[in-house]
Amino acid sequence: MMWSSLYSLIFYVSGAVTLLATLLLITRHNAVHALLYLIVSSLSMAVIFYLLGAAFAAAMEVIVYAGAVMILFVFVVMMLNQGQRSAAHEAAWLPARGWLMPGILTAILLVLLVSSLMMGVVPQTVHEVTVKQVGTALFGPYMLVVELASFLLLSGLIGAFHIARKMPQNSEQS
Amino acid sequence: MHTALIQLINVVAILLFVVFGAALLTWVERRLLGIWQDRYGPNRVGPLGSLQIVADMIKLLMKQDWVPPFADRLVFIVAPAIAMFVVVAAFAVIPMAPGIGVIDLNIGLLFFLAMTSLGVYAVMFGAYASDNKYALLGGLRAAAQMVSYEVFMGLSLMGVVMLAGSFNLRELVLAQADGWFIVPQFVGFMIFFVAGIAESHRTPFDLPEAEHELTAGFHTEYSGMKFAMFFLGEYVSVLMTAAMITVLFLGGWLGPAWLPPLFWFLLKTTLLVLSMILIRGALPRPRYDQLMAFGWKVMLPLALINLLATGALKLM
């Protein structure tokens, strides 16, 4: 009894933190602060994954999203050296009027989401998914998807290599 | 109730051990470097200078807690806290001996990797918030270095995981009862050792804070306790790397039974820490492009070949 109420408490707290951090991420004008909130959001998401029994997904959320993808974002933003001026620019680009239509659309989506959740049955039991199960699923029924994802990553890699390549004939002409 | 109390004592004792061990390490390192370089090192305060850490602590605590007016206040204060938090949190999964350890996670090894990958933020946010050219250059170097060395740090450990068939650190230690993993996974051990030194950015991988070219790198603008957090975080991360190598490659607490398991764990960890200090005293600092080329062109292929060979041997 005590454990299950503590469990729900942690779940709702991390859910609230995720929502708040994501909201702040969208509304911040300073890019680095926004990224800071994005990191907080993915960390609290990892807590939710862990509570739902997906320990491996939680670890991957931290290692890949918070630990690698976000670092590259921060890396780029840091090099751009954005100061007070660019924060003011951001503020000018996002007037209160701009929130109206997206807000209405999102509200409609929210109503749909909540009503579908109310109708559907939410599974109550939590069972831990082991790393071995994830591996067996990835290289069993989902083999094709893994291969496709690797194609996508490889093409991204080749694209990056092509863009970063030095062009010897051009540099000789100039 | 009784088990909860034991667990609480466990947590507090390990936390104190980590923080005071790291503080003591600052003195040990200066003393040892002094001996190896034919001078004394700090030897004035207390017996053999061992109270030097107390003197340093008093000095750092008395300093004004200052944030530069041009700094990004929020991020400037958060950065050193991240530096300290991630390394101490990573210590939670390290099993020191049967019954001694904070938490026994099934994904213990992944938790350790997650915490080390978050450690980059401390350096990057510290560098960004300082709004200082030296700090920015140090931060850029640190980010590039840590991200690239993390890639094969994780890969070098997968060989061990393959042999033991688990991510749980306690099971990894017990799987070494017949023989330590340093023998079948010697390449993995070497790669992890190098990556561990690079993750705690110590010489020869201390380019993010190279004194002769970048003043103090990413923590140029930091002083007082905030600087101490960065500084201590680095030493905790040295301890953590040594403890992790002990657990993964040197059989953790396993050893002849005439001494308690905890002793063997501490002995192995101490020897590794001392060898890391000796490396600092012996090796020069490479150029930055040499460091990156070494990581991507030597260490990464080696880690992949090691992984492939381990998998092939496991299948046979």
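Trainee: Which residues does Met124(B) touch, not counting residues up to four places away in sequence?

Mentor: This is a predicted model. In it, Met124(B) touches Ile71(A), Val74(A) and Met78(A) in chain A, and Gly139(B), Ala142(B) and Ala143(B) in chain B.

Trainee: How do I read a nonpolar core, and which residues have the most contacts inside the largest one?

Mentor: In soluble globular proteins, nonpolar side chains tend to be buried together. Here the largest nonpolar core has 112 residues, and those with the most contacts inside it are Ala59(A), Met124(B) and Leu239(B). Helix 4 of chain B brings the largest share of this core, 17 residues.

Trainee: Next, the interface. How many residues of chain B are in contact with chain A?

Mentor: The size of an interface is often given as the accessible area lost when the parts come together. Here we count residues instead: 19 residues of chain B are in contact with 17 residues of chain A. On the side of chain B that touches chain A, helix 3 (73-91), helix 4 (108-130) and helix 5 (133-164) each supply at least two residues. Helix 4 of chain B gives the most to that side, with nine residues.

Trainee: What classes of residue make up the side of chain B that touches chain A?

Mentor: That side has 16 nonpolar residues, three polar residues and no charged residues.

Trainee: How many helices and strands does each chain have?

Mentor: Chain A has eight helices and zero strands. Chain B has eleven helices and zero strands. For chain B, the radius of gyration is 20 Å, close to the 20 Å that the globule rule gives for 316 residues, so chain B is as compact as a globular protein of that length. The C-alpha trace of chain B spans about 60 × 50 × 45 Å along its principal axes.

Trainee: What share of the residues counts as buried in each chain?

Mentor: In chain A, 15% of the 174 residues count as buried. In chain B, 46% of the 316 residues do. Take the contacts with a separation of 6 or more: residues 24 or more positions apart account for 58% of them in chain A and for 77% of them in chain B.

Trainee: How is chain A divided into domains?

Mentor: Chain A has domain 1 (1-94) and domain 2 (130-166). The C-alpha centres of these two domains of chain A lie 25 Å apart.

Trainee: How do I check the length of a helix, and what span should helix 5 of chain B have?

Mentor: Compare the expected span with the distance between the end C-alpha atoms. At 1.5 Å a residue, the 32 residues of helix 5 of chain B should span 46 Å, and the end C-alpha atoms are 47 Å apart, which agrees. Just after this helix, Gly165(B) takes a positive phi of about 70°. In chain A, helix 7 (residues 143-164) has 22 residues and reaches 32 Å from its first C-alpha to its last, close to the 32 Å expected.

Trainee: How many residues of helix 7 of chain A are buried?

Mentor: The number buried is zero out of 22, so helix 7 of chain A lies largely in the open.

Trainee: Which residue has a positive phi although it is not a glycine?

Mentor: Asp38(B) does, with a phi of about 65°. Asp38(B) is found in the loop between helix 1 (2-36) and helix 2 (52-62) of chain B. With 6 other C-beta atoms within 10 Å, Asp38(B) is exposed.

Trainee: Is Leu283(B) buried or exposed?

Mentor: Count the neighbours. Leu283(B) has 12 C-beta neighbours inside 10 Å, and therefore counts as exposed. Leu283(B) sits in the loop between helix 10 (261-282) and helix 11 (288-315) of chain B. Beyond residues up to four places away in sequence, Leu283(B) touches Thr203(B) and Pro204(B).

Trainee: How far apart in space are Leu304(B) and Ser156(B)?

Mentor: Sequence separation and distance in space are read separately. Leu304(B) and Ser156(B) are 148 residues apart in sequence and 7.9 Å apart in space, C-alpha to C-alpha. Leu304(B) belongs to helix 11 of chain B and is partly exposed, with 13 other C-beta atoms within 10 Å. For another pair, Leu283(B) and Pro69(B) are 214 residues apart along the chain, and their C-alpha atoms are separated by 39 Å.

How values were computed
Residues numbered from 1 in each chain as written. Chains lettered and ligands numbered in written order. Predicted model: local features only at pLDDT ≥ 70, side-chain atom pairs only at ≥ 80, totals over all residues. Contact = placed C-beta atoms within 7 Å. Helix = DSSP H or I, 4+ residues; strand = E, 2+ residues; numbered from the N terminus. Nonpolar A, V, L, I, M, F, W, Y, C, P; charged D, E, K, R; others polar. Expected span 1.5 Å × (residues − 1). Buried ≥ 20, exposed ≤ 12 C-beta atoms within 10 Å, placed from the backbone. Core = buried A, V, L, I, M, F, W, Y, C linked by C-beta atoms within 7 Å. Domains from an automatic or database assignment. Rg over C-alpha atoms; globule rule 2.2 N^0.38 Å.
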